[in-house]
Amino acid sequence: MLTSYDPLKGKRLQILAESGRIVNRKHLPEWTDEALVEAYRLMLRARVADEKALLFQRQKRIHTLPVNKGQEAAAVGSALALEPADWMVQSYRELGAVLQKGGTIRNHLLYFKGSEWGSVHPGLPRLLPLSVPIGSQITHAAGIGHAIRYQGGSEVVICYFGDGGTSQGDFHEGLNWAAVFKCPVIFFCMNNQYAISLNRRHQTASATLAQKAVAYGMPGIQVDGNDLLAVHAATRAAAEHVRSGQGPVLIEAYTYRMGPHTTADDPSLYRPKEEEEEWAPRDPLLRLRLHLESRGLWDSAREDESRAAATAETDAAMREVDELHETPLDEIFAHQYSDRPAELRRQQAAYEAYLQWKEAR
Amino acid sequence: MPAMNLVQAIQSALDFKLGDDERVLVFGEDVGLEGGVFRVTQGLQEKYGERRVFDTPLAESVIVGAGLGMAVAGLRPVLEIQFCGFIYPAMNQLVTHVSRMRNRSRGAFTVPLVIRLPYGGGIQALELHSESMEAMLAHIPGLKVVIPSTPYDAKGLLISAIESEDPVLFMEPKKVYRAFRQEVPAEAYRIPLGKASVVQSGTRLTLVAYGAMMRVARQAVELAAQEGLSVELIDLRSIYPLDTETLLESVKKTGRLAVLHEGPTSFGVAAEIIARVNEEALYWLEAPPRRITGFDTVMPLPMGEQHYMPTPERVLYELIQLHNQAE
């Protein structure tokens with residue numbers, strides 16, 4: 001499949017059309033009905049958590065955070081193609097993938113309330129903390145892949161980044177390294193059409209992002225990123241390719257950031273309402289729901305029930321995070337080095353003396 | 001005990017760690033087949049194979065970034081950035097990831113990697129091949145910065161650096177690479193990071209230096225002795241962590257402090273040392289401390305570098321000024 005959708009010829013893999021109809025049976029993932037319903041539930045869970053997080057930010061219970069809406073199929077569909085032992089290297093707009101990996105909504109909220117502990121999802125030593133500098137994490141994925149190959153492991157790495165990330169030097173350096181050393185990495189580009197305000201067409205003169213793979217000597221494929229089935233099928237094929245030692249793959253998920261870049265962003269400044277309206281019917285949840293309903297696997301009652309469960313989970317997570325306040329002073333110093341250098345101990349003691357003075361005043 | 005120059009001592013440490021620990025990988029531009037532009041890794045690929053010792057694409061950011069990836073996945077990368085002046089493309093990785101990973105993940109992910117970084121001037125090199133940017137690196141929380149001045153220290157410090165759980169910038173004074181030999185044990189030994197060494201004790205002045213400037217310092221101390229000045233000479237060895245204790249002890253004894261380095265004056269290592277001494281031992285000082293350093297200019301090309309690089313005579317001049325001040 002990786003070779004039959006040549007990005008240089010403008011091919012894009014789609015399996016599930018906006019109508020909810022299967023339009024490509026050849027590459028249809030072999031999913032049980034239950035698994036498909038589970039995937040939808042996970043997308044819905046990510047959607048609800050994302051919507052609620054935006055609300056919590058408006059209530060000042062958490063701070064500025066990125067918004068995921070519209071990218072749930074790309075996140076969930078790709079993550080579901082991997083094994084628990086595989087590595088995940090995040091950007092910061094793949095909440096669905098993080099949840100699939102076993103990350104928690106609580107930690108997502110905690111990080112954006114301002115605690116480093118939110119970066120560390122318990123029991124997930126192969127989920128790197130999210131990466132703020134654009135595209136820089138691509139090189140880490142190459143290195144992890146290099147280590148896996150060196151250690152003779154069969155794991156793969158999935159690395160998420162956006163369309164803006166492909167303009168960074170680290171995109172070039174990371175893909176090039178991974179291809180040279182045949183590192184088992186799936187480079188997964190979330191092309192959501194915007195890097196904050198910059199439209200994809202101004203990001204690069206390449207007709208597709210997937211075609212950049214050609215220059216690195218690796219397969220590249222563009223998929224309909226709002227189509228869970230296409231994303232999943234492509235990532236599954238990529239995982240097989242990568243796991244068998246043939247080197248990395250680049251996937252471009254053609255999607256749309258339906259919300260703002262972050263809670264601090266106002267998309268009305270840089271994109272027309274008509275464009276948003278044009279994308280609205282391509283909503284990844286809508287399409288999958290139509291499909292499930294047409295097959296009698298889903299209905300309004302189940303939708304309401306799932307939505308209510310995700311809402312309750314997110315509310316409970318927020319309440320739990322509401323209870324967490326100031327980072328203890330010692331934690332700020334404790335983790336900078338493996339051994340606390342004398343100078344750090346001195347700085348800490350000096351600040352503690354000030355705190356005591358303040359207390360006694 | 002074999003006599004080794006700095007290149008051989010560093011190679012001996014790499015050889016030991018490659019043999020001792022399968023997690024250790026050595027890589028960088030030209031380090032494999034060729035053995036590095038300074039031949040520090042010569043013969044290691046032949047001995048340990050291309051999986052352990054290898055050439056990378058010419059791309060510093062991914063050399064460091066991939067190093068981070070390997071380190072979080074359980075390896076111990078020892079990578080080379082060919083010249084200090086080539087570290088800049090990797091600064092984003094160093095500042096935004098390598099130095100932060102442990103803290104921002106609350107210890108869940110650590111980056112035990114070593115970056116070998118030939119640095120320093122006085123070798124009539126091309127532009128951007130002579131810089132001494134240790135202060136910039138030491139300013140980044142989370143990194144350790146180590147600079148040996150002798151073959152013996154280099155081997156012991158490098159083994160400690162590779163065994164450290166923290167990212168270490170191991171800066172190698174190019175000018176010392178083949179400058180002299182010293183007896184270095186064939187077997188492994190360790191010198192702790194963050195410990196300075198009192199190389200020569202003295203009574204009237206304290207002179208602090210490191211790396212290639214230690215040779216200049218030693219000559220200056222000899223010249224000073226001829227002038228009747230007893231100088232205590234300290235080799236810092238680690239820029240961060242900085243061994244404040246050893247510095248304070250010396251300054252409290254001598255009452256006078258001069259710090260010598262190649263890098264620019266402002267916001268430099270000398271500035272930091274003097275600030276710490278002022279904070280903790282101001283009342284022991286009998287004269288204002290002095291900085292003997294490069295200038296706040298770019299490193300001049302070879303025809304101008306003799307002005308930039310401190311010389312024994314210039315250090316002597318500064319020591320005499322320091323001694324005569326406020327006697």
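This is a predicted model: local features need pLDDT of at least 70, side-chain atom pairs count only at pLDDT 80 or more; totals for chains, interfaces and linings use all residues.

Biologist: What is the strand order of the open sheet of five strands in chain A, and what pairing does it have?

Modeller: The order is β1-β2-β3-β7-β6 in chain A, and the pairing is parallel. Neighbouring strands of this sheet are turned by 20° against each other on average, direction ignored.

Biologist: Why do β1 and β6 of chain A count as standing at the edges?

Modeller: β1 (87-89) and β6 (220-224) of chain A each have a single partner strand, so one side of each lacks a neighbour in the sheet.

Biologist: How do you know that β3 and β7 of chain A are paired?

Modeller: Pairing requires at least two bridges between the strands. Strand β3 (residues 185-191) and strand β7 (residues 249-254) of chain A are joined by six bridges, so they pair. The two run parallel, and N191(A) has Y254(A) of β7(A) opposite it.

Biologist: Which helix lies across β3, β6 and β7 of chain A, and what is its direction relative to β7(A)?

Modeller: That is helix α9 (residues 228-243) of chain A, which runs at about 175° to β7(A).

Biologist: Which residues of α4(A) and α12(A) meet?

Modeller: On α4(A) they are I105(A), R106(A), L109(A), L110(A) and K113(A); on α12(A) they are E313(A), T314(A), A317(A), M318(A), E320(A) and V321(A). By class, this contact has six nonpolar, one polar and four charged residues.

Biologist: Why does the term oblique apply to α1(A) and α12(A)?

Modeller: Helix α1 (residues 33-58) of chain A and α12(A) have axes that come within 9 Å and cross at roughly 45°. By the limits already quoted, the pair is therefore oblique. The crossing in which α1(A) passes α12(A) is right-handed. Among the residues in contact are R41(A), L44(A) and F56(A) of α1(A), together with S306(A), A310(A) and M318(A) of α12(A). The contact of α1(A) with α12(A) divides into six nonpolar, three polar and four charged residues.

Biologist: How many residues does each chain bring to the contact between chain A and chain B?

Modeller: Chain A brings 32 residues and chain B brings 36 residues. On the side of chain A, α5 (137-151), α6 (169-180) and α14 (342-360) each supply at least two residues. The most comes from α5(A), with ten residues. By class, the side of chain A that touches chain B has 16 nonpolar, twelve polar and four charged residues.

Biologist: What is the strand order of the open sheet of five strands in chain B, and what pairing does it have?

Modeller: In chain B the order is β9-β11-β10-β13-β14, with mixed pairing. Its edge strands are β9 (197-200) and β14 (290-292), each of which pairs on one side only. On average, neighbouring strands are turned by 25° against each other, direction ignored.

Biologist: What is particular about the backbone at P241(B) and at I196(A)?

Modeller: The peptide bond from Y240(B) to P241(B) is cis, with omega near -5°; P241(B) lies in the loop between β12 (238-240) and α9 (244-254) of chain B. I196(A) has phi near 50°, a positive value in a residue other than glycine. I196(A) belongs to the loop between β4 (194-195) and β5 (198-199) of chain A.

Key
Residues are numbered from 1 along each chain as its sequence is written. Chains are lettered from A and ligands numbered from 1 in the order in which they are written. Helices (H or I, at least four residues) and strands (E, at least two) are DSSP runs, numbered from the N terminus. Axes are lines fitted to C-alpha atoms, for helices over the stretch in contact, and angles run from 0 to 180 degrees between N-to-C directions. Two residues are in contact if their C-beta atoms, placed from the backbone, lie within 7 Å. Ala, Val, Leu, Ile, Met, Phe, Trp, Tyr, Cys and Pro count as nonpolar, Asp, Glu, Lys and Arg as charged, and the others, Gly among them, as polar. Angles under 35 degrees count as roughly parallel, over 145 as roughly antiparallel, 65 to 115 as roughly perpendicular and the rest as oblique. A crossing is left-handed if the near helix is turned anticlockwise from the far one by less than a right angle, and right-handed if clockwise.
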